[in-house]
Amino acid sequence: MKWEDNVRKVIPYVPGEQPNKENMIKLNTNECPYPPTPNVKKAVEAFDTEKLRLYPDTNATPLADALSDYYHVDKKQIFIGVGSDDVLAIAFMTFFNSNKKILFPDITYSFYDVWAELYRIPYQVQPLDEEFKIRREDYMIPNGGVILANPNAPTGEQTDLATIEEIIQANQDVVVIIDEAYIDFGGESSLPFIEKYDNVLVVQTFSKSRAMAGLRVGYAFGSEKLIQYMNDVKFSFNSYTMNLPAQVFGAEAVKDDKYFRETVQKIVHTRERVKGELRELGFVFTDSMSNFIFATHPRCQAVELQNMLREKSIYVRHFTKERIDNYLRISIGTDAEMDTLLGELKAYIQSK
Ligand code: PMP
């Protein structure tokens with residue numbers, strides 16, 4: 001059809017599947033296996049539905065206040081969005097606006113190239129080294145911007161702050177985005193850099209460590225100027241993105257620091273135990289600092305293992321991408337869920 005010539009054609013990002021089976025063990029999209037703080041439940045029960053009559057606060061003030069108190073960052077330096085995907089999509093549109101190529105690793109969050117294509121931002125992927133680590137010199141060439149996930153996904157590899165800072169210093173004329181979706185599981189945050197460099201944006205989310213993937217809350221820290229530019233774009237698009245319940249319930253999650261720390265600790269503890277057990281089964285993996293393990297087995301194909309697990313209603317993630325097509329990304333579940341997974345893997349590997 002002729003009209004199709006004018007269509008913006010895109011190849012969309014493919015999220016991990018969301019099966020809804022009873023008794024399934026879902027380890028494929030890096031959600032938190034524990035519920036949010038009970039204070040969120042109380043806030044849900046106490047929520048006055050009369051308030052839904054009005055449009056929500058366009059600045060998500062309850063949430064911005066809670067984040068500002070928690071991270072000791074001025075509200076003017078915080079941008080809030082509907083999940084970090086929303087924050088990142090707006091950041092790409094706002095900051096990657098030159099004719100030069102933006103840079104990111106060949107193996108990283110698979111949404112980056114989708115946004116680049118959608119907005120027609122030129123980009124270049126820089127190959128990670130053999131151990132899935134970034135090579136700092138790859139980001140020290142002329143470019144239109146840099147985005148790095150730290151820890152990276154789906155590898156879980158953490159880049160040290162000295163390397164990140166060298167990359168920032170080499171890129172003072174563009175915006176550098178650090179996507180910290182998994183930072184709370186043992187990584188070191190680049191947040192302090194926002195005070196030193198006005199071109200650094202640090203993006204985080206409630207979807208993993210704060211156990212609220214279903215609420216859709218993401219946020220970013222940066223200089224007042226960066227945040228203002230993002231707000232200008234956001235308000236040119238849709239002012240009322242974040243609904244009132246998300247603002248109120250999200251604030252409750254931030255305020256309960258004790259619960260947050262305990263939850264993260266449990267996940268980190270399980271992750272380290274599972275690393276030991278997977279090693280014994282012959283798996284090889286990076287030293288993940290996130291809430292998943294990215295593993296390969298020298299004798300069993302990843303797809304074969306994924307299919308075997310799926311038959312037992314255990315879901316893990318596999319990517320058909322070159323270099324990583326023999327790896328599985330396994331989210332950290334509860335101890336009981338991980339024991340079931342390990343039991344199935346053990347039985348299968350021993351039978352081979
Ligand atoms: N960044 C990375 C690296 C991720 O893995 C994810 C999760 N898919 C996101 C951002 C987006 O998460 P959300 O939109 O749920 O905050």
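Reply: Helices and strands here are DSSP runs, numbered from the N terminus. This is a predicted model.

Me: Where does Ala211 lie?

Reply: Strand 7 covers 200–205 and strand 8 covers 218–221. Ala211 is in the loop between strand 7 and strand 8.

Me: What is phi of Ala211, positive or negative?

Reply: Most residues other than glycine have a negative phi. Ala211 is not glycine, yet its phi is near 60°. The value for Ala211 is positive.

Me: Is the peptide bond from Asn150 to Pro151 cis or trans?

Reply: Most peptide bonds are trans. From Asn150 to Pro151, omega is near -5°. Pro151 is found in the loop between strand 5 (145–149) and helix 5 (161–169). The bond from Asn150 to Pro151 is cis.

Me: Which residues does the cis peptide bond with omega of about 5° join?

Reply: Look in the loop between strand 5 and helix 5, where Pro154 lies. The cis bond with omega of about 5° joins Ala153 and Pro154.

Me: How do helix 1 and helix 8 run, roughly parallel or roughly antiparallel?

Reply: Helix 1 (residues 38–46) and helix 8 (residues 244–255) pack with axes 8 Å apart, at an angle of about 150°. Angles over 145 degrees count as roughly antiparallel. So helix 1 and helix 8 are roughly antiparallel.

Me: Which residues of helix 8 make the contact with helix 1?

Reply: The crossing of these two helices is right-handed. Helix 1 brings Asn39, Val40, Ala43 and Val44 to the contact. By class, the contact has five nonpolar residues, one polar and one charged. From helix 8 come Phe249, Glu252 and Ala253.

Me: Why are helix 10 and helix 11 oblique to each other?

Reply: Helix 10 spans residues 302–311 and helix 11 spans residues 335–351. Their axes come within 11 Å. Angles of 65 to 115 degrees count as roughly perpendicular and those over 145 as roughly antiparallel, so an angle between these two ranges is oblique. Helix 10 and helix 11 are therefore oblique, as they cross at roughly 125°.

Me: How many residues surround the ligand?

Reply: Ser84, Asp179, Tyr182, Thr205 and Ser207 are the closest. The number surrounding the ligand is 13.

Me: How far is an oxygen atom of the ligand from an N or O atom in the side chain of Arg216?

Reply: For the side chain of Ser84, such a distance is 2.7 Å. For the side chain of Arg216, the distance is 2.8 Å.

Technical notes. Residues numbered from 1 in each chain as written. Predicted model: local features only at pLDDT ≥ 70, side-chain atom pairs only at ≥ 80, totals over all residues. Heavy atoms only, no water. Axes fitted to C-alpha atoms, helices over the stretch in contact; angles between N-to-C directions. Helix = DSSP H or I, 4+ residues; strand = E, 2+ residues; numbered from the N terminus. Parallel < 35°, antiparallel > 145°, perpendicular 65-115°, else oblique. Near = heavy atom within 4 Å. Polar contact = N/O pair within 3.5 Å; in protein donor to acceptor, adjacent residues only side chain to side chain. Left-handed = near helix turned anticlockwise from the far one by under 90°. Contact = heavy atoms within 4.5 Å. Nonpolar A, V, L, I, M, F, W, Y, C, P; charged D, E, K, R; others polar.
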